[in-house]
Amino acid sequence: MSKFSTYLKRLIADSGESISSLARTIGAERTSIHKALADERILSYKTVQALARHFNLSVDERKDFFQLYDILLQGEETYNNRQAVCRLLNNLASVDFSMAPPPEVSSLSISERLIKGEFAVRSAIRSVLIYEISHTENAEFNLFLPTSLKLTIDFMEFWLDNRNFTVNELLCFETSPNAAAKNLELLHAVIPLCLASRGHYKPYYFHETPKAASLSPMGYYIISPHYLILFSEDLSTAQILESEDLISYYRNFFKNLLLQCEPLTQCSSDMAEVLNEYISVAAPDSLHIIMPQPCIGRYISHNIVEKYLNRSQLPLEPYLSLIDQHYSFLRQVESNYYTIFTEEGLQNLIESRTCDDSPKELIPYLDQSDVCDFLKKLYHEIEIGTVLGLIARPTQLHLPDYLSIYINPQTGLHIYTTLKFVFGSYCCNIHITEESIRSLFLDFFHSLPESNLVYSKEDTLYLLKHHINQLEASIKTK
């Protein structure tokens, strides 16, 4: 007996209604409800919605009800994997890249002794990081951390303050069953660090069974220019050492480890290089993109590029060619064209008249009439099915407004900054080829049309048409 059918059976029993009466009230077939209770049939999403309304479920009850339905529909492992991608996107949407300047640490007196207690350990680690970054030019840190220790904010606040240092981190990917979603959790820190550092954060990964990486009392460490910090997995104990020989030994040991591991990300920050890389990783027969604005690049022709290219900012010919190639790939995709966006991003495109995923140095602003024409073409293609365009449901799925996220079935996950990013569009991109992450994102994309994370095709078209009508009215009044 599934958890969903058990939950539904309890709701019906508590209501005191007969199944026949319930079916008539919600407009469903009596036999479909009987078979759902016996796990012989899965109810349609529309019927489940009707049941939730009929039983007047509270917010928490509705959440549990639909969660159990999704698990029944997808299978528990697949559901957990898709939720892991959703959590990652929601988490990235909440990252704040505006931070106050970091504090100063003028001296350290915490070395060569055992530090006890998690608060004291965390405090000591932070003090060493601040001291080293503040007093060492181009400092390098080598990390192997337990999952309980997150240094994301500590490093981000220095990179966002334009400090120069490098971080190499060794990440352990689990190989146990159902580990894919857990491995994806590592990206919650990896992506913000890559972006804030603009390529100075370099994660490497290896695969291992759980617990195999931490068999000693203090099996985790941070190697800084002048200190070695050893600490336990639960952060209850640490020791900070200043021995140059020991630090050198650990540093060489770490660098040899990196040679046996794979880089998790490949980052670039030069605009021309980023555009070239986009062209090299683009799939000729598919596009899967998530970003707040709808992807209208397929409607930007060579003539449009020439019309808007800002000739005063950059050398014309190289960038004209790159921009042309950039959009030509989108024009060539005839099927499997997914664009997942938000209503807020759609409104932003109309009001700002800028494509957030195009460098503003190249294409500053679009005419209202061209924006309107692009959106009409998008509407038509969604309507006839050559483009699968869906608007994210804001209560379920939040998209980071500073990123455009592509998934290529062959080359992996590709992340680009947009105009909303603190350092601008195409200032940094991230490429992740790791197999399990690529598979999770691709499955997530393909599951969206049937999920409650997005509006239906009909509702998406309705909202898109509404904004087009408003834009047309605005153009007429000018």
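**Pocket and helices**

Author: Start with the second largest pocket: α4, α5 and α6 (76-93) each supply at least two residues of its lining. Helices here are DSSP runs (H or I, at least four residues), numbered from the N terminus. This is a predicted model, where local features need pLDDT of at least 70, side-chain atom pairs count only at pLDDT 80 or more, and totals for chains, interfaces and linings use all residues. Residues are numbered from 1 along each chain as its sequence is written, and side-chain values use heavy atoms, leaving out hydrogens and water.

Reader: Which helix gives the largest share of that lining?

Author: That's α5, with six residues. The lining has 17 residues, and Arg62, Lys63, Phe66, Gln396 and Asn452 lie nearest the pocket's centre.

Reader: How do I read two packed helices?

Author: Two packed helices are described by the angle between their axes and the distance between the axes. Here the axes of α4 (residues 45-54) and α5 (residues 59-74) come within 11 Å and cross at roughly 155°. That makes α4 roughly antiparallel to α5 (angles over 145 degrees count as such).

Reader: Which residues of α4 and α5 make the contact?

Author: Contact means heavy atoms within 4.5 Å. From α4 come Tyr45, Val48, Gln49, Leu51, Ala52 and Arg53, and from α5 Arg62, Phe65, Phe66 and Tyr69. By class, that's seven nonpolar, one polar and two charged residues.

Notes
Axes fitted to C-alpha atoms, helices over the stretch in contact; angles between N-to-C directions. Parallel < 35°, antiparallel > 145°, perpendicular 65-115°, else oblique. Nonpolar A, V, L, I, M, F, W, Y, C, P; charged D, E, K, R; others polar. 1 Å grid on protein atoms, 1.4 Å probe; cavity = no way out; pocket = protein on both sides within 12 Å on 5 of 7 lines; lining within 4 Å.
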